[in-house]
Amino acid sequence: MELVKGLFKIPSFLFGLALFLGTLGLAFFGPLLWHIDVVSRVGDPYMAPGAGHWLGTDHLGVDMVSMLITGLRASLYVGFLAGVVATVVGTLIGVYGGYKGGLLDDILTVATNLFLVIPTLIVLILLSSSMEKGRSLTLIALIIGCTTWTWSARAVRAQSASLRARDHVALARINGYSTIEIVLEQILPYLLSYVFMVFILQTATAILTEATISMLGLGPYDSISLGKILNDARTNEALIGGKWWAFIPAMVLVTVIAFSLYVINTAMEGVFNPRLRK
Amino acid sequence: MTAPALPVQAPVPGPAPKPAAGKVVLEVEDLRVHYLTRFGAKIQAVDGVTFSLKQGEILGIAGESGCGKTTLVSGCMGLYIPPLYHTSGDVRIDGQSIVGMTPEQNRKEVLGRKIAMIPQGALNSLNPTRKIKDMATDMILSHDESADKKTINDRLRERFSRIGLDAQKVLNSYPVELPAGTKQRCVIGISTLLNPKVVVADEPTSALDVSTQKSVIRLLFELMNQEIISSMLFITHELPLLRHVSSSIAVMYAGEFVEYGSTEQVIFDGRQPYSRALMGSMLSTEPGQKSRKPVAIEGAPPKLDKPIPGCRFAERCPVAQPDCRSTDQVLRVVGGRQVRCKYADTDLVKQVGGTV
Amino acid sequence: MTEHLKFEATHISRVFGHGKKAVTAVDDVSFAIKDREIISLVGQSGCGKTVLAKMLLRLEQPTRGELLFNGKPITATGDPRNHWRQVQAVFQDPFSCFNQFFTIRNQLKASFRLFEKKPSPAEIEERVDQALLAVNIKPREIDGKFPFELSGGQMQRMLLARIFILKPQVLIADEPTSMVDACSRASILDYLMKLKEELSMTIVFVTHDIGLAYYVSDSIYIMHKGKIVEQGPPDDVTQRPQSDVTKRLLEDIPDVHREWIPREAAVAAAR
Ligand SMILES: Nc1ncnc2c1ncn2[C@@H]1O[C@H](COP(=O)(O)OP(=O)(O)OP(=O)(O)O)[C@@H](O)[C@H]1O
Ligand SMILES: Nc1ncnc2c1ncn2[C@@H]1O[C@H](COP(=O)(O)OP(=O)(O)OP(=O)(O)O)[C@@H](O)[C@H]1O
Ligand SMILES: [Mg+2]
Ligand SMILES: [Mg+2]
């Protein structure tokens, strides 16, 4: 508890939290404040910002504010879903591998090292491009989650391996606890704050990854995401034409979410993991 | 046993640095400290302790587990972090009171600088993922943020070689790579980096074998002889060890001092049943000791969540009298030391233990 | 012959790590522990006592050699739980022995998982209370308390209380009383000896307290750098030590009647 209180005294944490809650608020309450309409053309293509349409329109003449809020919601959805998948899968495998050692641990280590050498992005691109239709937002989130979990597994593994040497684990063993009970009751609770930090990072990474693959034209076929807005701007020559409102706000949003999450994570590591303090 | 046993009451000259009858460094006055539990119970773990520590003095504090030794030392450091609270009384270092300080202020001005602690169980709680060097650097940085890397490194190297460690090697090791004795020497080295006046060592040797224990205590003496530190509080549950370490001894029971006097008085001529029992239950390897029955004190120490009427030890005292449970005991001077026992000056207490 | 032996080790070793970094914690030791015997393992820190104890507990496997329990290889009873029903332990570091997220009482009750026939909840509470009394703790003292709310010695007693609950045939006690004062140590040992008689228990004490080893054991093993350098009845080992290691250990005991650290040495070392 003392640690949590200490966290709220760190300016960078408060700043990151405020920024993140701001974007979250925009995603949740935006639809109540603005009239969201992403299907009808409300004006000419690439109308400059002005009264009525604060951020102008896109290449089809759809209101940019509506597009951005819808895209933000989609990006956050992908981020959280992928973050949850990657953290849950990664943590369970990492904790188990770290505790058990042996073959599973070796496989895990090899897998993570492989993923370090082969950029995840390429795997993602290959997977996405092989599924032309049926590439829904959820599916993309699952793919991102399933290709980035090794990262959390690796982060948690070392912690788990050092806990395994503690006598309370030995005591649980001679009390007849099964391996899975030990992982869940004796090891995981000690790692919760750590797992939460890993989750934040995974979420931030997932949001950036979605933006990247969508921008390459491999995004969801049926929804609007921030990455897809950027892709539309790119393919419809907004950059060359100097139509900044078609891509700058989306870029800012992606950056702000990822940045705020990274700031929160760094501040938390400083508090929960004093050993990382320089 | 190879060495001949010396006659009782004629102890050899103490090996500890001679107490320079110098000025008082640490003064603790009627200190009371309590824990507040989650259920709102108030556990009075230290209940009215008074003592003072002179320059060059080592005070040994012995007592049963849970009698409040660790709590007393946290209280002496002035570091009150919930659930630990200061009830009343005062702690002064060099005349300056430290009980009213906020934890931040205390960490900045007092901890490590005026009074340093070697925590109980430190050996096993060192962070396994950090090198000794990093932990030591933290210690310096916590008080001098502007120190640059080179000065810090030079300072660490100088100090670690001075306390007889292979500085280069040890500083770059992880705790798990070092044997227990070396680890404990490192802990001591790190906590005394800033030349604190008083060092509080909380059971620094209870996890160590006798040879390693000896080397660790030697190191503590060296620190005093080199005037890196000036006085020490030595906490242990092993009264006999204090014979060689401290110049005076306080025996604690249920949050209070029950006997407080010079080492010779308490060890060879205790006047309180509990401190006598502590000596009487010593297990030694002298021939014939195997058949001797050590004094076992059954029963549990009292719970400290409500005031306890009468003598706190009466419940378990082998020679308790009917009136012991009804009359509160105060520390009074008997035979040149302070004792908390109604029958301290009678032969009754001598029935307990006494096989030293 | 082997029927009377609880444990029999022939040339067992335990090596950690590989190649250059290999650490030989236990180095080619052989011994036989008889039924109902009390053994003490004594030696300097890091000499391999805990690793040896963990092998007897089936928490570590020997990298070489053979370890028999009741005449059969220790791993013969497939499910290790069968082993732990008979062989129980007190671990060395009480501060890291309990899970910080559960109350002490619940963790004591977890020992009942090992029972093939679990007693009723009321009986469980009853037996926990009795075990606490045996280690000089008032049962209500620890109600609702988490491990960090107890002192070091109190936690060590909790580990001993487990033994009074489980009543194993073999007890491996790694520094069971290192944080307990002499009076309580004596009374806990009394209870333990009574329990030993009652259950005809075999006990292995791992300790640096030679006084304790001398007082309780039938046989003392002195370990040094992974090897057993001397073994024999307590009187022989303490009164007529053969090896230098034993002599040194005996000399370093802080006996109240003997000079321990000569003042000159302390001063000379200071220079
Ligand atoms: N955080 C806490 N909350 C409530 N009670 C506590 C807490 N910490 C310690 N206590 C209680 O305070 C009393 C004194 O504990 P303390 O740790 O000072 O004992 P000690 O003398 O150092 O014992 P040991 O020799 O075993 O280390 C004990 O009864 C203990 O149960
Ligand atoms: N899991 C492990 N991995 C690597 N080395 C280990 C491991 N466990 C123990 N060792 C090493 O084995 C040696 C023996 O350790 P052990 O814990 O048995 O000593 P000990 O005799 O119990 O000492 P102490 O009295 O300090 O408890 C040590 O050098 C230790 O570093
Ligand atoms: Mg303590
Ligand atoms: Mg050990």
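## Interface of chains B and C

In this predicted model, the side chains of K214(B) and D252(C) come together in a salt bridge, with a distance of 3.2 Å from N to O. That pair belongs to an interface across which the rule finds three salt bridges between chain B and chain C.

The contact between these two chains involves 74 residues of chain B and 65 residues of chain C. Between them, chain B and chain C bury about 5,800 Å², and carbon and sulfur atoms account for 57% of that area.

## Interface of chains A and C

Chain C also meets chain A, in a contact that takes 15 residues from chain A and 26 residues from chain C. The area buried between chain A and chain C is about 1,800 Å², with 53% of it contributed by carbon and sulfur atoms. On the chain A side, the residues that lose the most area to chain C are D167(A), I174(A) and N175(A), which together make up 36% of what that side buries.

Two salt bridges are counted between chain A and chain C. R113(C) forms a salt bridge with E181(A), and the closest N and O atoms of this pair lie 3.2 Å apart.

## Architecture of chain A

Chain A contains ten helices and zero strands, and its elements, read from the N terminus on, run α-α-α-α-α-α-α-α-α-α. The C-alpha trace of chain A spans about 75 × 45 × 30 Å along its principal axes.

## Packing of helices α5 and α6 in chain C

Two packed helices are described by the angle between their axes and the distance between the axes. In chain C, the axes of helix α5 (residues 152-166) and helix α6 (residues 182-199) come within 11 Å and cross at roughly 15 degrees. Angles under 35 degrees count as roughly parallel, and α5(C) and α6(C) are therefore roughly parallel to each other. The crossing in which α5(C) passes α6(C) is left-handed.

From α5(C), the residues that make the contact are R157(C), L160(C), I163(C) and F164(C), while α6(C) supplies S184(C), I188(C), Y191(C), L192(C) and L195(C). Sorted by class, the contact of α5(C) with α6(C) comprises seven nonpolar residues, one polar residue and one charged residue; R157(C) is the charged residue in this set, and S184(C) is the polar one.

Terms used. Residues are numbered from 1 along each chain as its sequence is written. Chains are lettered from A and ligands numbered from 1 in the order in which they are written. This is a predicted model: local features need pLDDT of at least 70, side-chain atom pairs count only at pLDDT 80 or more; totals for chains, interfaces and linings use all residues. Side-chain values use heavy atoms; hydrogens and water are left out. Axes are lines fitted to C-alpha atoms, for helices over the stretch in contact, and angles run from 0 to 180 degrees between N-to-C directions. Helices (H or I, at least four residues) and strands (E, at least two) are DSSP runs, numbered from the N terminus. Angles under 35 degrees count as roughly parallel, over 145 as roughly antiparallel, 65 to 115 as roughly perpendicular and the rest as oblique. A crossing is left-handed if the near helix is turned anticlockwise from the far one by less than a right angle, and right-handed if clockwise. Contact means heavy atoms within 4.5 Å. Buried area is the accessible area (1.4 Å probe) that two parts lose on being put together, summed over both. A salt bridge is a side-chain nitrogen of Lys or Arg within 4 Å of a carboxyl oxygen of Asp or Glu.
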